Amino acid sequence: LPDGTTPAAATRAALAAWVTGPGNPYFAPAAANRVWAQLLGRGLTDPLDDAHDGNPPSHPGLMALLAHEFRAAGYDTKALVR
């Protein structure tokens, strides 16, 4: 997996569990950034698909808050939009 761990079984289910699991630091900010871009026309990182340490979000505190709230809501997109 991208974090260096090896799942017990190399399956799509193992990858999906990691992608949406709490051990993945990338999913929640990326998803929140995409929702932000859909609603406001531009993501907190621009370009949208170029999220890395060399391209920080325009508002890091907001990105952290959105990612935290998205995780806390169980990755519920409706709750994030609300």
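Biologist: How many salt bridges does the structure hold?

Modeller: The model is a predicted one, in which local features need pLDDT of at least 70 and side-chain atom pairs count only at pLDDT 80 or more, while totals for chains, interfaces and linings use all residues. Residues are numbered from 1 along each chain as its sequence is written, and side-chain values use heavy atoms, with hydrogens and water left out. A salt bridge is a side-chain nitrogen of Lys or Arg within 4 Å of a carboxyl oxygen of Asp or Glu. By that rule, the number of salt bridges in the structure is 2.

Biologist: Which residue meets D49 in a salt bridge?

Modeller: D49 is exposed at 64% relative accessibility (buried means under 20% relative accessible area, exposed over 50%, partly exposed in between, with a 1.4 Å probe and protein chains only). The N to O distance in this salt bridge is 2.3 Å. The partner of D49 is R34.

Biologist: What distance separates the closest N and O atoms of R42 and D46?

Modeller: R42 is exposed, at 52% relative accessibility, whereas D46 is partly exposed, at 41%. The two residues form a salt bridge, and their closest N and O atoms are apart by 3.2 Å.

Biologist: Is N33 buried or exposed?

Modeller: N33 is placed in helix α2, residues 27-40 (helices, H or I, of at least four residues, and strands, E, of at least two, are DSSP runs numbered from the N terminus). Because its relative accessibility is 3%, N33 counts as buried.
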